Structures are given as structure tokens and as C-alpha cells.
Amino acid sequence: MSASVDAPPAESSAPDHTFLADVLAGLSGEPKSLPCKYFYDGAGSRLFERITAVPEYYPTRTEAAIFAAEAERIARFIGLEAVLIEFGSGNSEKSRVLLDACEQYVSGLAAYVPQDISGPFLEEVANGLRAEYPSVPVLPVVGDFTQPVPLPDLPPHRRRVGFFPGSTIGNFGPTSAAAVLRTFHDTVGAGGGLILGADLIKDAATLEAAYDDAAGVTAAFNRNLLVRINRELNADFPVEEFRHEARWNASKSRVEMHLVTDAARSVTVANRRFDFAAGESIHTENSYKFSRDMLDGLAAEAGFTVNTVWTDPRGLFAVAAMTAE
Ligand code: SAH
Ligand code: AVI
């Protein structure tokens with residue numbers, strides 16, 4: 001995939017040996033930044049799971065409520081005996097709702113294809129799904145969703161529908177987001193579909209609270225990146241001296257996460273010294289928020305047409321169903 005145009009680079013799946021190179025490059029930049037994909041070591045993944053349950057972080061539960069409310073319409077969009085491909089499937093929790101809905105309303109799926117970069121976990125999840133849904137072939141694929149990945153033998157002549165929930169698309173800059181959706185477009189092929197979860201633009205207070213919860217879970221998630229760098233890259237960040245900040249950048253339509261040092265200091269990473277001025281920040285994540293027009297534009301850039309957008313009653317989050325041209 002091409003690099004993100006907006007620092008920090010978005011989630012993707014660079015091999016581990018690039019971690020050091022990415023960190024050195026990010027800290028050498030002006031402004032300093034770190035790629036958000038490195039949040040997700042073991043501790044980071046657990047912290048992210050806790051974020052999804054804090055009261056201020058509305059996206060996860062709002063999206064789940066949309067899936068529950070619109071299950072029948074989503075199943076009918078997926079269609080009769082289609083192949084559902086989830087990009088970055090993790091524990092496949094959200095797909096279970098769609099698998100159930102397809103069984104109930106459109107006589108099931110021809111296959112479910114969970115794709116994830118994390119191989120051993122993927123196999124474990126796939127085995128669990130096979131036991132739970134014995135009538136659905138579960139065909140896991142290990143691979144990076146930002147690249148075209150060869151698919152297993154799929155039932156022929158079936159509509160393919162991609163599934164990309166959680167507003168993960170928001171962690172890509174605009175150019176990269178379109179490139180990722182274009183890859184999905186090529187995977188599902190003309191006439192195929194995509195169900196995309198995307199967080200919507202809203203007031204700054206709600207957005208900033210979602211990324212700076214009172215219990216400090218998001219702050220710990222952000223700082224864990226420095227803990228990881230200290231541990232894995234022989235660095236000496238004084239982690240507690242870096243303050244978590246969430247900033248709504250309205251002109252770029254994104255929540256930015258930063259780690260700010262109030263005092264001037266020097267930090268060493270793998271024998272390289274980095275100087276920080278008082279008040280300087282490391283930009284660690286962008287989380288883009290969308291309007292309906294932005295979703296239409298992004299879809300069009302990637303060769304999709306938006307058919308339906310479902311939202312919750314408060315208009316916080318959107319689930320878009322789109323068709324590949
Ligand atoms: N789709 C699920 C899981 C989200 S967690 C849900 O919304 O609940 C994100 C998952 O994406 C993780 O399991 C991670 O391993 C995977 N992932 C992240 N970047 C990836 C990439 N570039 N290619 C494939 N999988 C990726
Ligand atoms: C994974 N991703 C969609 C989350 C988001 O909302 O951008 C990551 C996150 N960062 C802080 N809180 C949650």
C-alpha cells in the first residue's frame with residue numbers, strides 16, 4: 001500500500017523488523033510522529049478492548065446497535081448464499097451477528113472468509129466458528145488487507161461482500177483509505193458489495209471525550225506505545241512525563257492523539273538521541289470522522305456506489321452498504 005499522506009502512517013502490517021526504522025523515522029520528523037499500528041502489542045490490544053467498554057467511547061456499542069437494529073436489511077443486502085469476507089477479522093465477533101442474520105433471512109452464506117494478519121489467532125477463531133456454524137464453510141486467510149491477498153477456492157459464481165467494521169478506515173489518511181477500499185473492490189469484483197462501519201463528525205466535546213476517557217484507559221493505551229518502544233527498542237522514554245492529549249482537528253476532520261512533554265528533555269532510542277522542546281508533542285494517531293458526502297466521495301474514489309447508510313437515532317455512527325462498479 002502507498003504510504004499515508006498524513007502523519008502518522010495508518011494501521012498496516014509492516015513486519016516487526018521495520019519497527020525500529022519506523023520509530024527512528026517518526027521521531028526524526030517535524031512534527032514528531034509514531035505509526036498507530038504499533039499500539040497493538042499484547043498490552044495494547046487488551047487496552048483497546050477496555051476502551052471499547054468505557055462510557056465515553058461510543059463507536060463500538062453504537063455500531064453494534066446498528067447491526068442489531070438493521071440485521072434483516074443488512075442480510076438482504078449481503079444476499080442469497082453470498083461469500084462474506086471480513087478484512088481484519090480479529091475475534092469475528094461482529095460477523096456472528098451477520099452470520100446469524102443471513103441464516104435467518106437469506107438461507108445462510110456460501111462461505112465466510114475471515115482475513116487477518118494474526119495467523120494462530122485466526123485459526124483458533126475459525127475453529128470456533130466452524131463448531132458454531134456447521135453449515136457455513138469457514139475459510140480463513142492470513143494476510144495484510146492493504147495488499148491484494150490470494151483467496152482460497154471459493155464457491156464459484158457467488159456474490160462476494162466485504163465487511164470492514166469499527167471505523168478502522170478512519171485510521172488511514174484520505175489517500176490511503178481510498179487505496180485500501182480499492183483493494184477491497186478488486187477482491188469482491190464488479191457487482192460485489194462492501195459493508196463499512198464509519199464514525200461520523202459530531203461536536204468536539206463528544207469526540208475529544210471519546211479519545212480521553214475519565215478513567216484514563218485511552219491515556220494508558222497511548223502511553224503504552226512508549227512502554228513498548230522502551231522495552232523492544234532499548235529506549236529510555238520517561239513514560240509518565242508524556243501527557244496524553246486528544247485534539248479534534250476540525251479542518252482535517254480527525255481526532256488526533258498526541259503525547260506531550262511539558263519540559264524540555266532528551267530521549268535515547270537505540271543509541272540515537274532525540275531532543276524535545278518544552279510543550280513538544282509526538283503525534284501518535286489520527287482517527288478520521290466522516291460526513292455522508294465524505295463517505296460517498298471515498299466510495300466513489302475506490303469504485304463503489306453507496307446504496308444505503310444506516311445510522312443510530314443520534315447520528316453518531318454509520319454503517320454503509322455499497323456496491324462495486
Ligand atoms: N473486525 C473486528 C476486529 C477489529 S480488531 C471488529 O471490528 O471487531 C482489528 C483486527 O485487524 C486485528 O485482529 C488485527 O490483527 C487486524 N489487522 C490490523 N491491520 C491489519 C492488516 N493490515 N491486515 C490484516 N489484518 C489486520
Ligand atoms: C481501531 N480504531 C478504529 C480506534 C479509533 O477509534 O480510531 C483506535 C482508538 N484509538 C483511541 N481509541 C480508539
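User: In this predicted model, how far is an oxygen atom of ligand 2 from an N or O atom in the side chain of Tyr57?
Analyst: Tyr57 is one of the residues that come nearest among the 14 around ligand 2. A pair of N or O atoms within 3.5 Å counts as a polar contact. The distance from an oxygen atom of ligand 2 to an N or O atom in the Tyr57 side chain is 2.5 Å.

User: Which residue has a polar side-chain atom 2.8 Å from a nitrogen atom of ligand 2?
Analyst: The residues that come nearest to ligand 2 are Tyr57, Asn171, Tyr211, Glu285 and Ser287. The side chain of Tyr211 has an N or O atom 2.5 Å from an oxygen atom of the ligand. The polar side-chain atom that lies 2.8 Å from a nitrogen atom of ligand 2 belongs to Glu285.

User: Which element gives the largest share of the largest nonpolar core?
Analyst: This core has 37 residues, and Ile229, Phe237 and Val269 have the most contacts inside it. Among the elements that give two or more residues to the core are helices H1 (18-28), H2 (42-51), H8 (204-210) and H9 (217-233), together with strand S7 (242-249). The largest share, six residues, comes from H9.

User: Within what arc do the buried residues of H2 fall, seen down the axis of the helix?
Analyst: The buried residues of H2 are Gly44, Leu47 and Ile51, and H9 is included in what covers them. The face turned away from this buried side carries the exposed residues Arg46, Glu49 and Arg50. The buried residues line one face of H2, because they fall within an arc of 60 degrees.

User: Is Leu34 buried or exposed?
Analyst: Leu34 is placed in the loop between strand S1 (32-33) and H2. In space, its C-alpha is 8.7 Å from that of Leu225, although the two are 191 residues apart in sequence. The cut-off for burial is under 20% relative accessible area. Because its relative accessibility is 1%, Leu34 counts as buried.

User: What percentage of residues 21-322 is strand?
Analyst: An unreviewed UniProt entry annotates this span as "domain: Histidine-specific methyltransferase SAM-dependent". The end C-alpha atoms of the span lie 37 Å apart.

Methods
Residues numbered from 1 in each chain as written. Chains lettered and ligands numbered in written order. Predicted model: local features only at pLDDT ≥ 70, side-chain atom pairs only at ≥ 80, totals over all residues. Heavy atoms only, no water. Core = buried A, V, L, I, M, F, W, Y, C linked by side-chain atoms within 4.5 Å. Buried < 20%, exposed > 50% of the residue type's maximum accessible area, 1.4 Å probe, protein only. Helix = DSSP H or I, 4+ residues; strand = E, 2+ residues; numbered from the N terminus. Arc of directions from axis to C-beta. Contact = heavy atoms within 4.5 Å. UniProt positions renumbered as here; feature names shortened; annotations may be inferred. Near = heavy atom within 4 Å. Polar contact = N/O pair within 3.5 Å; in protein donor to acceptor, adjacent residues only side chain to side chain.
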